[in-house]
Amino acid sequence: GSKTAQIIEMMHSRDGSVPSGVLVANDKDNKRCYMLVHQTKRLNSPCLVVLNEDASCIPNLCMDEQRRQPLAFDRILCDVPCSGDGTLRKNCEVWRKWTAANGNGLHRLQARILRRGLEMLAVGGRLVYSTCAFNPIEDEAVVATLLEQSQGAIELADCSSELPDLNREAGVSTWKVQMKNGEFVSSHDEVPDELKESYPASMFPRNNPDLHL
């Protein structure tokens, strides 16, 4: 709930008045939802709604009585489940449990959650896709998949001028995918036919320079 708490604090920090907006926080895990409510109670904000839904198919939220107009969000933080390999320095358990299959197995779910988040985003809104993983299959590959599927409806925003002090690196454009047998492959064409369903083309680098990952 740390990200949720930080967003609430930012909403209330401007002039001390009650914000005009509302923050809708969602977690599929019931216990984590209760923890989130417990952690945010100290903020005493009337602007928080907590949901317990599967983010990949979260239902539309409607404000009108006829339920005809789904609520569109101006800002969305899409903090998806991930392998967590970006936390190796502080989380020793990741060293013991990590395998390449972790990221491979989450790729499709991450793409579904990101797609649903984009469907709920207002025109002109901004969505932040967030993981704590270094694996490009969980990061660049997921973002590239939705950029391709959107057919120009969304674009990747450069926020370097807004956060100039944030340490950053450009996204990678080439990587390999490790299969269960330990073999690394560079493209979907190299995957045996019987395994193509397990390793979809969306996992692999694109030959599209216009994506600007």
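This is a predicted model: local features need pLDDT of at least 70, side-chain atom pairs count only at pLDDT 80 or more; totals for chains, interfaces and linings use all residues.
**Helix H2**

Select residues 30-40, which form helix H2. Within H2, colour Cys33, Leu36 and Thr40: these residues are buried. Look down the helix axis, and the buried residues of H2 fall within an arc of 60°, so they line one face of the helix. An α-helix has 3.6 residues a turn, so residues three or four places apart point the same way.

Next, show what surrounds that face. Helix H1 (2-12), strand S1 (23-26) and strand S2 (48-51) are the elements that the buried residues of H2 pack against.

Turn to the other side and select Lys31, Tyr34 and His38. These residues are exposed and sit on the face of H2 turned away from its buried side.

Now go to the start of H2 and display Asp29 together with Lys31. A side-chain oxygen of Asp29 comes to within 2.9 Å of the backbone nitrogen of Lys31.

**Two residues with positive phi**

Move on to the loop between H2 and S2, where Asn44 lies. Asn44 is not a glycine, yet its phi is positive, at about 50°. Is Asn44 buried or exposed? Asn44 is exposed, and its relative accessible area is 66%.

Last, select Gln151, in the loop that runs between helix H5 (140-150) and strand S5 (177-178). Gln151 is a residue other than glycine, and its phi is likewise positive, near 55°. With a relative accessible area of 74%, Gln151 is exposed.

Key:
Residues are numbered from 1 along each chain as its sequence is written. Side-chain values use heavy atoms; hydrogens and water are left out. Buried means under 20% relative accessible area, exposed over 50%, partly exposed in between (1.4 Å probe, protein chains only). Helices (H or I, at least four residues) and strands (E, at least two) are DSSP runs, numbered from the N terminus. The arc is that of the directions from the helix axis to the C-beta atoms. Contact means heavy atoms within 4.5 Å. A polar contact is a pair of N or O atoms within 3.5 Å; within protein, one must be able to donate a hydrogen and the other to accept it, and residues adjacent in sequence count only if both atoms are side-chain atoms.
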